[in-house]
Amino acid sequence: MLKITDLVHSYGPHRVLGGVSLSVAEGELVSVVGPSGCGKSTLLRSVAGLIRPSGGRITLGGQPVERTPDDLAIVFQDYSRSLFPWMSAANNVALPLRRKGLDRKQRREAAMAALDQVGLADAGNKYPWEMSGGMQQRVSIARALAYRPSLLLMDEPFGSVDAQTREDLEDLVLNVCAHHGMTILLITHDIDESVYVGDRVVVLTKSPTVVAADLVIDLGRIRDQIATRQLDAFVRLRAEVGRLVRGGGTGHTTESTSVLEKK
Amino acid sequence: MNYARVLRGAAGVAGFLAVAELVGLSGLVDDRFLPRMSVVLGAAAGLVADPDFLADAGATLTVWALGLLLTVALAVPAGLLLGTLPRAEAAVRPLIEFLRPIPSVAVIPLAILLFSDNLHLKLAVIVYAASWPVLINTIYGLKDVDPLAKETLRSFGFGPIPVLARVALPSAAPFIATGIRVASGIAVILAISAELMAGGSEGVGVYITEAASGSRIDLMLAATLWAGLFGLVADVVMVAVERRLFRWHHVRTGGAR
Ligand SMILES: Nc1ncnc2c1ncn2[C@@H]1O[C@H](COP(=O)(O)OP(=O)(O)OP(=O)(O)O)[C@@H](O)[C@H]1O
Ligand SMILES: [Mg+2]
């Protein structure tokens with residue numbers, strides 16, 4: 001569905017992406033991990049048509065991405081700036097649904113349902129600035145999920161919530177993805193998470209960034225927070241991603257320079 | 001605005017009035033030139049029941065409201081246009097920077113020559129003078145819109161016009177409102193200045209001119225007092241409306257509690 005070929009991007013003289021190639025099949029959830037500053041957000045913005053990359057090709061369903069593709073939603077890393085402070089949480093979630101041709105009542109209902117899913121059933125009338133960071137982050141997740149895009153881009157979507165909520169949100173995304181056949185590209189700093197939610201994990205290098213590894217996570221589609229994480233296969237994959245992120249090759253550990261600044 | 005502040009402000013005003021009254025009583029100032037404060041206040045109270053003054057005040061109020069309305073109707077769209085088209089803005093910026101510092105009252109003689117209709121004249125000078133803060137604030141407000149907020153809506157597939165209407169405009173609204181409030185004060189000044197300089201048949205400025213020619217300095221000052229009071233009340237009301245409407249903005253910028 002999504003095909004990225006030799007994507008190159010520079011900010012001025014600073015080359016961030018050095019030729020990233022990656023494809024995502026319909027209905028697949030691909031996790032992307034990589035060191036801070038390697039250009040993960042840049043990659044996402046290019047896919048969303050928000051910036052014009054310096055080079056390379058991005059196609060979506062065979063069509064080159066030139067402007068923002070239709071039927072796409074993003075959960076921005078900077079979630080608090082992407083919420084509209086003059087609107088309540090419910091209205092923030094409901095606004096994009098105008099594009100879906102829903103009437104006012106339907107939009108309201110869909111928004112409340114999505115807020116309920118992220119555990120904010122009672123916060124619909126709150127304004128973003130009345131909410132904690134974790135709550136704001138969940139509103140922006142609810143907004144993207146309510147939109148039911150065919151392609152969902154998430155940039156470190158669970159960074160500001162507690163461990164329990166994080167697990168709930170991971171499962172929510174997996175469920176919604178399965179039910180509505182969404183294709184998801186999810187950026188995370190958390191190696192454990194990348195394996196748990198991913199059908200594949202793509203590991204990026206430091207900039208100028210290329211794909212260091214592209215691992216298939218063959219854990220089946222049904223994941224369980226406790227059982228899955230106990231599987232030998234899970235533990236093995238997690239260790240492998242960990243090594244790759246640290247800059248080592250598959251199967252052996254090289255120098256211990258941690259390229260991942262925060263985990 | 002809290003209670004203690006209001007109280008202190010009231011004390012300041014009362015103190016000023018008392019000192020002014022004492023100066024009048026002391027005989028330092030000849031009260032044919034400067035009537036005592038109590039006389040002025042009495043005259044001001046009397047004006048409320050004076051049909052001539054009320055008609056003049058109504059006329060000035062109408063001109064003020066019409067002028068402000070026209071200003072908003074012209075300057076906000078112009079600001080939106082310039083705020084979204086940086087090249088157009090760059091082209092007119094020098095003109096704006098040149099015209100804006102010219103004291104607005106200085107254009108009144110020109111307007112007197114250009115307009116035969118008294119109402120048109122007043123509206124023209126009000127719109128000319130009051131447009132600047134609205135225009136500048138609208139442009140500034142649009143520049144201040146968080147690009148990520150715009151990108152968010154764009155990513156959901158909204159085009160440039162919906163993004164302008166749903167993100168840029170609400171986001172710039174608090175700035176625009178402040179511009180309109182400043183414009184309101186300017187409109188009062190220009191309305192009365194135009195009435196003073198261009199004459200005409202009605203208006204607080206005309207009332208003041210006539211009181212002066214009758215050497216009724218107490219009435220002059222009383223009418224001036226009402227004009228000042230009107231400007232003050234308009235400002236206070238608009239501040240209150242802004243705080244209510246744009247609570248999200250003031251909370252974020254720490255402007256209000
Ligand atoms: N608009 C910009 N102008 C100039 N440089 C930029 C811009 N955006 C990002 N960069 C630079 O490009 C590099 C990659 O940024 P990007 O935000 O894509 O990284 P990231 O992988 O998402 O990092 P993080 O994990 O910290 O979110 C960084 O060095 C950053 O300083
Ligand atoms: Mg990033």
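In the predicted model, a polar atom of the Thr209(A) side chain lies 2.4 Å from the backbone oxygen of Cys38(A). Thr209(A) belongs to the loop that links strand S9 (200-204) and strand S10 (211-216) of chain A. Its relative accessibility is 0%, so Thr209(A) counts as buried. Beyond residues up to four places away in sequence, Thr209(A) touches Val16(A), Leu17(A), Gly18(A), Gly19(A), Val20(A), Cys38(A) and Leu204(A).

Chain A contains an open sheet of four strands, ordered S2-S1-S4-S5, with antiparallel pairing. Strand S2 (14-24) and strand S5 (63-64) of chain A form the edges, each pairing on one side only. Strand S1 (residues 2-11) and strand S4 (residues 55-60) of chain A run antiparallel and are joined by five bridges; Thr5(A) has Arg57(A) in S4(A) as its bridge partner. Helix H1 (residues 40-47) of chain A lies across S1, S2 and S4 of chain A, at about 120° to S1(A).

At the interface, 23 residues of chain A are in contact with 20 residues of chain B. The two chains bury about 2,100 Å² between them, 66% of which comes from carbon and sulfur atoms. On the chain B side, Leu148(B), Ser155(B) and Phe156(B) lose the most area to chain A, together accounting for 31% of what that side buries. Two salt bridges are counted between the chains. Arg45(A) forms a salt bridge with Glu151(B), with 2.1 Å between the closest N and O atoms. Helices H7 (147-155), H8 (160-198) and H11 (247-253) of chain B each give two or more residues to the side that touches chain A, and H7(B) gives the most, with eight residues.

Technical notes:
Residues numbered from 1 in each chain as written. Chains lettered and ligands numbered in written order. Predicted model: local features only at pLDDT ≥ 70, side-chain atom pairs only at ≥ 80, totals over all residues. Heavy atoms only, no water. Pairing = 2+ DSSP bridges. Contact = heavy atoms within 4.5 Å. Axes fitted to C-alpha atoms, helices over the stretch in contact; angles between N-to-C directions. Buried < 20%, exposed > 50% of the residue type's maximum accessible area, 1.4 Å probe, protein only. Polar contact = N/O pair within 3.5 Å; in protein donor to acceptor, adjacent residues only side chain to side chain. Buried area = accessible area lost by both parts, 1.4 Å probe. Salt bridge = Lys/Arg side-chain N within 4 Å of Asp/Glu carboxyl O.
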